[in-house]
Structures are given as structure tokens and as C-alpha cells.
Amino acid sequence: MQAQDPEAADPRRNQAAKLAGLAGFVNLECPGLRSDPARLKQTVEALGVDPASLETGDLHLTATRYIAAYQKDVAANCRKAEATFGPQGSILPGLIVPR
């Protein structure tokens with residue numbers, strides 16, 4: 001058995017990867033939407049995660065897996081991203097903005 005990296009088990013790191021995956025998905029697949037990079041960076045930092053750590057390694061792989069999961073239903077996930085993270089979002093307003 002391999003010892004698990006304690007940082008990998010940190011739910012804040014997973015949440016940061018999930019948000020990065022969502023942002024990447026929106027930028028790739030949602031024609032009228034894009035992520036706000038400054039808002040994403042601010043949110044990731046507020047979670048206590050270095051934004052640069054999302055560009056390589058385990059967090060990058062996790063974010064990429066989230067992109068693939070969101071791509072399974074592009075239309076529904078674009079709508080959900082806007083409703084949840086758009087300018088009037090119910091969870092994190094302003095992470096997703098109009099292009």
C-alpha cells in the first residue's frame with residue numbers, strides 16, 4: 001500500500017481543482033461565457049491553495065478530470081455554471097461572466 005499525500009486528501013485542494021476544471025470547461029465549451037481569471041485566482045487563494053499548483057501535478061490532473069466530467073453534458077453544465085457561478089450566481093457570483 002502506498003501512503004497517501006496528506007495534501008491530496010485536503011478538501012480545499014480538491015475544491016480548487018474542481019473550480020479550475022469548471023473554469024476550463026466553460027472557456028472551452030460555453031460559447032457565450034468565460035471564466036474570470038482574477039476571480040478564480042482570488043477564490044483559489046482564499047481556499048489556501050497556490051494557483052500555480054493547479055498548472056501541474058495532481059491538481060492539474062484532477063482539474064482535467066473535472067473538465068471531462070462536465071463535457072458529458074455540455075448544454076446542461078453550461079446552464080448550471082451560469083446559474084451557480086455567473087454574475088447572479090447562487091454560490092460564487094462572478095466566477096463565470098459573459099464573453
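Predicted model: local features only at pLDDT ≥ 70, side-chain atom pairs only at ≥ 80, totals over all residues.
Biologist: Where is Gln 88 found?

Modeller: Helices (DSSP runs of H or I, at least four residues) and strands (runs of E, at least two) are numbered from the N terminus. Gln 88 sits in the loop between H4 and strand E2 (96–98). Its C-alpha atom is separated by 17 Å from that of Pro 37, and the two are 51 residues apart along the chain.

Biologist: Which residues of the largest nonpolar core touch the most other members?

Modeller: A nonpolar core is a set of buried Ala, Val, Leu, Ile, Met, Phe, Trp, Tyr and Cys residues joined through side-chain atoms within 4.5 Å. In soluble globular proteins, nonpolar side chains tend to be buried together. Here the largest core has 24 residues, and Leu 19, Leu 22, Val 26, Leu 54, Phe 85 and Leu 95 touch the most other members. Helices H1 (11–29), H2 (37–46), H3 (57–70) and H4 (74–85) each give two or more residues to this core. H1 gives the most, with eight residues.

Biologist: What is Leu 95 in contact with, leaving aside its neighbours within four places in sequence?

Modeller: Contact means heavy atoms within 4.5 Å. With those sequence neighbours left aside, Leu 95 touches Leu 19, Leu 22 and Phe 85, and also Arg 34, Ser 35, Asp 36, Arg 39 and Leu 40.

Biologist: Next, helix pairs. At what angle do the axes of H1 and H2 cross?

Modeller: Axes are lines fitted to C-alpha atoms, for helices over the stretch in contact, and angles run from 0 to 180 degrees between N-to-C directions. The axes of H1 and H2 come within 10 Å and cross at roughly 170 degrees. That makes H1 roughly antiparallel to H2; the cut-offs are under 35 degrees for roughly parallel, over 145 for roughly antiparallel, 65 to 115 for roughly perpendicular, and oblique for the rest. Ala 16, Leu 19, Ala 20 and Ala 23 of H1 meet Leu 40, Thr 43 and Val 44 of H2. By class, this contact has six nonpolar, one polar and no charged residues. For the classes, Ala, Val, Leu, Ile, Met, Phe, Trp, Tyr, Cys and Pro count as nonpolar, Asp, Glu, Lys and Arg as charged, and the others, Gly among them, as polar.

Biologist: In what kind of crossing does H1 pass H3?

Modeller: A crossing is left-handed if the near helix is turned anticlockwise from the far one by less than a right angle, and right-handed if clockwise. The H1 and H3 axes come within 7 Å and cross at roughly 50 degrees. That makes H1 oblique to H3, and the crossing is right-handed. Among the residues in this contact are Asn 14, Ala 17, Gly 21 and Phe 25 of H1, with Thr 62, Ala 63 and Tyr 66 of H3. The classes here are ten nonpolar, four polar and three charged residues.

Biologist: Does Thr 62 count as buried or exposed?

Modeller: Thr 62, found in helix H3, has 14% relative accessibility, so it counts as buried. Beyond its neighbours within four places in sequence, Thr 62 is in contact with Asn 14 and Ala 17.

Biologist: How far apart are the axes of H1 and H4?

Modeller: They are 11 Å apart, and the helices pack at an angle of about 120 degrees. That makes H1 oblique to H4, and H1 passes H4 in a left-handed crossing. Leu 19, Leu 22, Phe 25, Val 26 and Glu 29 of H1 make the contact with Val 74, Asn 77, Cys 78, Ala 81 and Phe 85 of H4.

Biologist: Last one: where does Gln 71 lie?

Modeller: Gln 71 is in the loop between H3 and H4. It is partly exposed, at 32% relative accessible area. Leaving aside neighbours within four places in sequence, Gln 71 is in contact with Phe 25, Leu 28 and Glu 29.

Note on methods. Residues numbered from 1 in each chain as written. Heavy atoms only, no water. Buried < 20%, exposed > 50% of the residue type's maximum accessible area, 1.4 Å probe, protein only.
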